[in-house]
Amino acid sequence: RELWGLDGSGGPPRRLVPAGLLPPGCTSPRPAAGCTFRWSPDGTALLFTAGGDLFLHDLANGNHRRLTETAAEEEGAAFSPRGDRIAFVREANLHLLDLASGREEQLTADGRPDEILNGTTDWVYWEEIWNRDATGFWWRPDGGAIAFYRFDVRGVGRYPLLDYSEEPYPQLRRQRYPHPGGANSEVRIGVLDLASREVQYLATGDRTDAYLARADWTPDGRTLAVQRLDRGQDRLDLLFCAAADGSCAIRLTERWPTWVNLGDELRFLAGGGFLWGSDRDGWRRLYRYPAEGPEAVRLVPDGWAIESVEGLAPAEGEVLAVAFRTEGLGPAERHVLALPLDGSGAVRQLTSGRGWHGALAAERTGLWVERASDADAPRAPRLRRLDGSEVAALPFAPPGGYDPAALPQWQFLTVPGPGGSRLPARLLLPPALAPGARHPALVYHYGGPGSQVVVDRWGGSRDLWHKAMAERGWVVFSVDNEASLFFGKRGEDLLHRRFGETELAGQLAGAEYLRGLAYVDPDRIGLWGWSGGGTNTLYALFARPGVWRAAVAGAPVTDWRLYDSVWTERYLDGPAENPEGYRQASPRTHAASLADALLLIHGTSDDNVHPQHTLRLADDLVKAGRPFEMAIYPGMEHGPRGAAVTPHVYERMREFFERRLGGGAPAP
């Protein structure tokens, strides 16, 4: 494994860092998750984080040097805006490294792992507020100060996770994990002046349980924009906070009767004003606000909704966004749009053809990389200009060992749903359908608020397994319910304070559709899902015995009181406010109704949905005298990963479904 670069002019690729100079852990074909790199601001160097240490590679002369070598890990390393210094976190404290002298300095002193965290986040912020892409500190544009998170996690309960690979006694790790209705971390944002080394904390309000969900510097470096979300998550305030004295004022407020969705669309414009994302009209749209005043200009026309903002054009006349059409099966795809900032609505669609198109933009040049695929094939990434024209195709190695075009191909359709709705669905058929024969069917679903599984996107190992099952004679099917992304914010809101019923109605509609197909055996329909999909699998199986004769639930939440506070309270509110909603939505409540074949799968190192969920449900099933099967994977986290575990999990599921539903051979 080496690191290569493609120049924006479209010239031939060139080697940036040969394998011999890559840090340990970065050279294998599948590098460890701890191997990351960042460009320096001027593009002349690369900063690697690998094995918990920092390395710098100078691209001009090929010099490679190790910056740190400590027992403790360095994390979150980031160049200063001028590229002369690096800030990072070690043992819950911010540190500063001067590249010219090599001098290192600790900037905060009160950080202690598992108690006070400076410059990084706790687990639930990382998972639910930042969607696993957390940033814990932010350089001021001139490099003279750093804003940073300070988490006091001492009031949060700790969940024990055991590493069974240690012998003879497993190693215990305790994870700070807040449950619904319990204590969250107390969070503050400080601004550390690098000249005086003084810290000014922002006056973000007296509610210590509010979520300080985002922080962004204004271009002049005088103000920090903080997005404050109340614990009920139905009010989001954009605060403008003065870095000098910490005073804050509300610039705008988003309210919604159920919950407000967080986004990452905030961008400041050089001429004043900013961009803001909102679901206020039922779909996620982008708005331009002036420097002062409440009037906003909507930039996204009817018929489109945005998923992300990728960058501003160099002259700031347009903004590059990933979006989807809101009608019919439009949300199954994604496209890259150029939206004019004047609000004229003259949208330019920069991508075409079926599938899922994303963008990686370089704002200074206007170049962007199109990353695209469809449900039946991956594609080579392409370097493009703002007019959509192609500069070059990036080197691309197609999948080895099989031809995607030779595999069964997905069909996209809609099926009748509750109340006259049309639910999005997709279908894989076996290569040969014998006349009059009936095949078993396998249904994959998820079902959470604003989620979707009906996507025209290459799905990796899961979808390869689905195609392999189709080749073995299975009909493979997915349907999204009325709370999915296909129905916008008002569809999501159907799940407020009540999980289960809407998701079940969608899957029952899908099962009814399958039973009406002449080539599907109505007595051999299986259901499976993972995480939230595992939860909804259990809910469906317990609520309607006999519809699905066999099911697999992977890493399911079985009792919502045991899941994390941020995600659960967003939709169900607190358990004291909505006790019946928690009770009815939890599969454990209905476990005694199990009448069909069930396989539970869970990893012992799952720090998201703890193995306690599956073990408590197993105890309920035993006490109710209900038979079931269970597969426990030592060391597996929230999903199957790795060359040994992944195929084992899928083979275990294949064996279970074929044994319980009679295999893929069609019934006469």
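This is a predicted model: local features need pLDDT of at least 70, side-chain atom pairs count only at pLDDT 80 or more; totals for chains, interfaces and linings use all residues.
Tutor: Local features need pLDDT of at least 70, side-chain atom pairs count only at pLDDT 80 or more, and totals for chains, interfaces and linings use all residues. Residues are numbered from 1 along each chain as its sequence is written, and side-chain values use heavy atoms, without hydrogens and water.

Student: Why does R588 count as buried?

Tutor: Buried means under 20% relative accessible area, exposed over 50%, and partly exposed in between (1.4 Å probe, protein chains only). The relative accessibility of R588 is 18%, so R588 counts as buried.

Student: Why is Y164 called partly exposed?

Tutor: Its relative accessible area is 47%. That value lies between the cut-offs of 20% and 50%, and therefore Y164 is partly exposed.

Student: What makes the pair R588 and D620 a polar contact?

Tutor: A polar contact is a pair of N or O atoms within 3.5 Å; within protein, one must be able to donate a hydrogen and the other to accept it, and residues adjacent in sequence count only if both atoms are side-chain atoms. The side chains of R588 and D620 are 2.6 Å apart at this contact, so the distance falls within 3.5 Å.

Student: Which residues does R588 contact, leaving aside neighbours within four places in sequence?

Tutor: They are T558, D559, R561, R616, L617 and D620, where contact means heavy atoms within 4.5 Å.

Student: Which members of the largest nonpolar core touch the most other members?

Tutor: Y125, Y149 and W560 do, among 57 residues. Such a core is a set of buried Ala, Val, Leu, Ile, Met, Phe, Trp, Tyr and Cys residues joined through side-chain atoms within 4.5 Å. A second, separate core has 36 residues, including L504 and V547.
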